[in-house]
Amino acid sequence: MAKDKTITVQQIGSPIRREKSQRATLIGLGLNKMNKQRELVDTPEVRGMINKIPHLVRVVGE
């Protein structure tokens, strides 16, 4: 069984005064507090969510 590639994403911006869809995207990524990090499977869906809110998240490791 092949091991899935993962990426580590860190929240760098606050969801305060952001659109509802941007807040929902953060929650979908599993982020809700500043500087919180999550390790996620590298899929096109996750990459699309990251590209939707590049001002709020940073890819720390691939």
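## A strand pair to start from

Gln 11 stands opposite Val 57, a residue of strand β3. The model shown here is predicted.

## The overall layout

Two helices and three strands make up the secondary structure of the protein. Read from the N terminus, these elements follow the order β-α-β-α-β. The radius of gyration is 12 Å, close to the 11 Å that the globule rule gives for 62 residues, so the protein is as compact as a globular protein of that length.

The C-alpha trace spans about 45 × 20 × 15 Å along its principal axes. Of the 62 residues, 29% are buried.

Strand β1 covers residues 6-11. Five of its six residues are buried, so the strand is largely enclosed by the rest of the structure.

On the β2 side, Thr 8 stands opposite Glu 39. On the β3 side, Gln 11 faces Val 57.

## Thr 25 in helix α1

Helix α1 runs over residues 20-28, and Thr 25 is part of it. Is Thr 25 buried or exposed? Its relative accessibility is 6%. Buried means under 20%, so Thr 25 counts as buried.

Which residues does Thr 25 touch, not counting those up to four places away in sequence? They are Met 49, Lys 52 and Ile 53.

## Two loops

The loop between β1 and α1 holds Arg 17. Arg 17 has a positive phi of about 60 degrees, although it is not a glycine. At 80% relative accessibility it is over the 50% cut-off, so Arg 17 counts as exposed.

The loop between α1 and β2 holds Asn 35. Asn 35 is not a glycine either, yet its phi is positive, at about 65 degrees.

Lys 36 lies in the loop between α1 and β2. Its relative accessibility is 33%. That value falls between the 20% and 50% cut-offs, so Lys 36 counts as partly exposed. Another pair spans a stretch of chain: Lys 36 and Arg 58 are 22 residues apart in sequence, and their C-alpha atoms are separated by 11 Å.

## Surface and charge

The protein has 12 positive and 6 negative charges. The mean position of the positive charges and that of the negative charges are 11 Å apart.

Terms used:
Residues are numbered from 1 along each chain as its sequence is written. This is a predicted model: local features need pLDDT of at least 70, side-chain atom pairs count only at pLDDT 80 or more; totals for chains, interfaces and linings use all residues. Side-chain values use heavy atoms; hydrogens and water are left out. Buried means under 20% relative accessible area, exposed over 50%, partly exposed in between (1.4 Å probe, protein chains only). Helices (H or I, at least four residues) and strands (E, at least two) are DSSP runs, numbered from the N terminus. Two strands pair if DSSP finds at least two bridges between them. Contact means heavy atoms within 4.5 Å. The radius of gyration is taken over C-alpha atoms; the globule rule is 2.2 Å times the number of residues to the power 0.38. Lys and Arg count as positive and Asp and Glu as negative; His and the chain ends are not counted. The place of a charge is taken as NZ of Lys, CZ of Arg, CG of Asp or CD of Glu.
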